[in-house]
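Student: I should like to learn how to read the features of a structural model. May we work through one together?

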Amino acid sequence: MYKSAQRDTQSGFLQTVKGADATATLKGSRPRSAARVKVDLPPPAAVGAGTLASEDTFYKRHGKRTIDVLGSVVGLLLFVPFLPFVALAIKLTTPGPILYRSIRLGKGGRPFVFYKFRSMVDGAHESRNFIQHLNEAEGPVFKIANDPRVTRVGRFLRRTSIDELPQLLNVLRGDMSLVGPRPPIPEEVEKYEPWQKRRLDVKPGITCLWQISGRSKLGFNEWMRLDIQYIQHQSFLLDQKILLRTLPAVISRDGAY
């Protein structure tokens, strides 16, 4: 199955990306469980030992890292003038640190310190067990559309993805890439099925197919399959396509909470 998947053309997969994004049409309705969007993707092409990554290329060996460094430096320079205002809004409205730090797993399961602007009350992660019954997500992830731990400022930061900007530091340090599967927490990975762990074959990223295809509207397995599909077909063209479509996805706030 893996070899046949490798023979898919890049252009054919880019059409699949369009199709996946086009199915994300359920908007606005947020009942007890957030609306789910079914993405029409084939099952994972490989679930056993070995790597899912496609053939080695100059882009993956050198080009991707070069773009990551340039992109993160440019991004930090562009947003530096606004960061003090974000930090001040967080500090003046709720007690606690400005940055949220957590341990995430990167390529090969290597742990690293992950940065975000704090969007929840201080100590929110420790209180997760007390509201576990409110979880609206499938699989091992934890998501609530109207999470009571999110602050007023934090809700704006999340809807606009401003809370993710400190991850440009993670990209600059080499922990993450601009494009790649979102970095999971260790507790989630412990509950992954074997094929889902294959998303750790590459560096995690700030954005990927999940972000431009409905985000939290997607079911967990659809999310994982999109990550697997990205790993199998990653290229310069696909990365640029994802980056270009990330801004409209952020502006639309589709599936963001």
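**Reading burial, cores and charge pairs**

Tutor: Asp147 and Arg149 are both buried, where buried means under 20% relative accessible area, exposed over 50%, and partly exposed in between (1.4 Å probe, protein chains only). The model is predicted, so local features need pLDDT of at least 70 and side-chain atom pairs count only at pLDDT 80 or more, while totals for chains, interfaces and linings use all residues. Residues are numbered from 1 along each chain as its sequence is written, and side-chain values use heavy atoms, with hydrogens and water left out.

Student: What do the side chains of Asp147 and Arg149 meet in?

Tutor: Side chains of opposite charge can pair when their charged atoms come close. Asp147 and Arg149 meet in a salt bridge, at 2.7 Å from N to O. The term denotes a side-chain nitrogen of Lys or Arg within 4 Å of a carboxyl oxygen of Asp or Glu.

Student: How many salt bridges does this rule give?

Tutor: The count is 9 salt bridges. One of them joins Asp239 to Lys64, with the closest N and O atoms 2.7 Å apart. Asp239 belongs to helix H9 and Lys64 to helix H3, so this pair ties together parts that are 175 residues apart in sequence. Helices (H or I, at least four residues) and strands (E, at least two) are DSSP runs, numbered from the N terminus.

Student: Are Asp239 and Lys64 buried or exposed?

Tutor: Asp239 has 2% relative accessibility and counts as buried. Lys64 is buried as well, with a relative accessible area of 11%.

Student: Which residue pairs with Arg198?

Tutor: Arg198 forms a salt bridge with Asp201, whose closest N and O atoms are 3.2 Å apart. Arg198 counts as buried at 9% relative accessibility, whereas Asp201 is partly exposed, at 22%.

Student: Which residues touch the most other members of the largest nonpolar core?

Tutor: In soluble globular proteins, nonpolar side chains tend to be buried together. A nonpolar core is a set of buried Ala, Val, Leu, Ile, Met, Phe, Trp, Tyr and Cys residues joined through side-chain atoms within 4.5 Å. The largest one here has 32 residues, of which Tyr230 and Ile242 touch the most other members. Strand S2 (111-117), helix H6 (167-173), strand S3 (177-179), helix H8 (220-233) and helix H9 (236-252) each give it two or more residues. H8 gives the most, with 7 residues.

Student: Which residues does Ile242 touch?

Tutor: Leaving aside residues up to four places away in sequence, Ile242 touches Val179, Thr207, Cys208, Leu209, Ile212 and Tyr230; contact means heavy atoms within 4.5 Å. Another core, of 6 residues, lies apart from the largest one, and Val86, Val153, Leu157 and Leu165 are among its members.

Student: How many residues of H8 are buried, and what span should this helix have?

Tutor: H8 is mostly covered, with 12 of its 14 residues buried, including Phe220, Trp223 and Tyr230. The expected span of a helix is 1.5 Å times one less than its number of residues. For H8 this should be 20 Å, and its end C-alpha atoms are 20 Å apart, which agrees.

Student: Which residues of helix H5 are buried?

Tutor: In H5 (residues 152-160), Val153, Gly154, Leu157, Arg158 and Thr160 are buried. Just after H5, Ser161 takes a positive phi of about 65°.
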